[in-house]
Amino acid sequence: MGRLDGKVAHVTGASSGIGLATVERFVADGAVVVGSDLAAPDDFVGADFHECDVRDGERQQTVADAIVADHGRIDIVVTSAGVASGGPLHSLDVEEWQRCQDINLTGTMLSIRCALPTMIEQGSGSIITVASVEGIEGCEGGSTYNASKGGVILLTKNVACDYGPAGIRANAICPGFIDTPMLQSVLGEESDFRTAITNQHKLRRLGRAEELASVASFLASEDASFVSGVALPVDGGYTAGHSYGLAESFVKM
Ligand SMILES: NC(=O)c1ccc[n+]([C@@H]2O[C@H](COP(=O)([O-])OP(=O)(O)OC[C@H]3O[C@@H](n4cnc5c(N)ncnc54)[C@H](O)[C@@H]3O)[C@@H](O)[C@H]2O)c1
C-alpha cells in the first residue's frame with residue numbers, strides 16, 4: 001500500500017528538478033498526479049499534464065477545474081514553479097525584481113488560491129510550497145529572490161492560519177542548494193563559488209531533488225496529519241549555523 005494511495009495531487013514546475021522528482025515520488029507512492037509547467041517534459045509519468053504559466057490566474061483556474069472534472073478532487077498542491085534571480089539592489093533592474101515576485105510569490109499564491117474552494121468543500125487538503133533557506137535568512141546578492149521566498153513562507157503560514165479550521169494543512173519546504181537545472185544555471189559545474197556554497201551545508205554536499213520529494217511526500221501524507229504552518233529546512237544543515245571548515249579537524253575523514 002502506498003503512502004498517497006487515492007490522493008489527487010497537482011504539482012507546479014513539474015517538468016524539471018524538484019517538481020519533476022516530486023511527480024515521480026508521488027506516483028510511486030500511489031497518488032494520481034497532475035503536473036503543470038511552461039512546457040511538458042519528454043516522458044511525463046503522471047496522469048495528466050497542463051501547460052500553464054503560474055502568473056496566469058485564469059489559466060491556473062482552468063487547470064484546477066480540469067483536475068476536479070477529471071479526477072473529482074484536489075488533495076495535494078505542491079508549488080515548485082520558480083525562477084532564480086539575484087544581484088545587488090543598487091544596480092537592480094526593477095522589471096527583473098517584478099518578474100521574480102510575479103512567478104515565485106504571486107504564482108504560488110494563485111496556485112494555492114485556485115485549489116482552496118475544492119479543499120474547503122472536501123474538508124481536507126495539504127498544501128506544500130517550495131520556498132528556500134534563502135527565505136529564512138539573507139545572503140549576498142539575494143535580495144530579489146530572498147524577498148520572494150520570504151513572502152512564500154509567510155503566505156504559507158497564513159494559509160495554515162486561515163484554513164486550518166477547514167482541515168487544510170499548509171507547510172513550506174525550504175531547500176538548501178539542490179543540484180537541479182536551476183542551480184546549474186546559477187553556479188555552473190565547477191567554481192570556487194560552488195565549492196564555498198557546498199561547504200556551507202554541514203553535510204558538505206549539495207542536495208538531490210529526490211531528497212526534497214521524499215519530504216514533500218511525508219508532508220502530503222497522513223504521517224504528517226498534525227503538521228501545519230511549518231517552514232521546514234531540508235538543507236543538509238545549511239541553516240544550522242556558520243561553518244568555517246574547522247569541523248573537518250574534529251572528525252576522522
Ligand atoms: N535548486 C535549488 O537549489 C533550490 C533551492 C531552494 C529553492 N528552490 C526552489 O525550488 C523550486 C524548484 O526549483 P528547481 O531547482 O527544481 O528548478 P528547475 O529550474 O529545475 O525547475 C523549475 C521549474 O519551474 C518552471 N517555471 C519557471 N517559471 C514558470 C512559470 N512562470 N510558470 C510555470 N512554471 C514555471 C520551469 O519551467 C521549471 O520546470 C523553485 O521554486 C526554486 O526557487 C530551488
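User: Before we start, what should I keep in mind about the model and its numbering?
Analyst: The model is predicted, so local features need pLDDT of at least 70 and side-chain atom pairs count only at pLDDT 80 or more, while totals for chains, interfaces and linings use all residues. Residues are numbered from 1 along each chain as its sequence is written.

User: Thanks! Why does G176 count as buried?
Analyst: A residue is buried if 20 or more other C-beta atoms lie within 10 Å of its own, exposed if 12 or fewer, and partly exposed in between, with C-beta atoms placed from the backbone. G176 has 25 C-beta neighbours inside 10 Å, so it counts as buried. G176 is found in the loop between β6 (168-175) and α5; helices (H or I, at least four residues) and strands (E, at least two) are DSSP runs, numbered from the N terminus.

User: What does G176 touch?
Analyst: Contact requires C-beta atoms, placed from the backbone, within 7 Å. Not counting residues up to four places away in sequence, G176 touches V133, H201, G207, V234, D235, G236 and Y238.

User: Why is V68 called partly exposed?
Analyst: V68 has 15 other C-beta atoms within 10 Å, so the label is partly exposed. V68 is found in helix α2 (residues 57-71). Leaving aside neighbours within four places in sequence, V68 is in contact with R73, I74 and T118.

User: And what makes R204 stand out?
Analyst: R204 has a positive phi of about 55° although it is not a glycine. Most residues other than glycine have a negative phi. R204 is found in the loop between α6 (192-200) and α7 (209-220), and with 16 other C-beta atoms within 10 Å R204 is partly exposed.

User: Why is β2 described as largely enclosed by the rest of the structure?
Analyst: Six of the six residues of strand β2 (residues 32-37) are buried, so β2 is largely enclosed by the rest of the structure. V32, V34 and S36 point one way, V33, G35 and D37 the other way, and all are buried.

User: What makes the unit of β1, α1 and β2 right-handed?
Analyst: A crossover is right-handed if, with the strands pointing away from the viewer, the path from the first strand over the helix to the second runs clockwise. β1, α1 and β2 make a β-α-β unit of this right-handed kind.

User: Why is β6 also described as largely enclosed?
Analyst: Eight of the eight residues of β6 are buried, so the rest of the structure largely encloses β6. I168, A170, A172 and C174 point one way, and R169, N171, I173 and P175 the other.

User: Which strands pair with β6?
Analyst: Strand β5 (residues 125-130) pairs with β6 in the parallel sense over six bridges, and strand β7 (residues 231-234) pairs with β6 in the parallel sense over four bridges. C174 stands opposite P233 in β7, and V130 stands opposite I173 in β6.

Key: Two residues are in contact if their C-beta atoms, placed from the backbone, lie within 7 Å. Two strands pair if DSSP finds at least two bridges between them.
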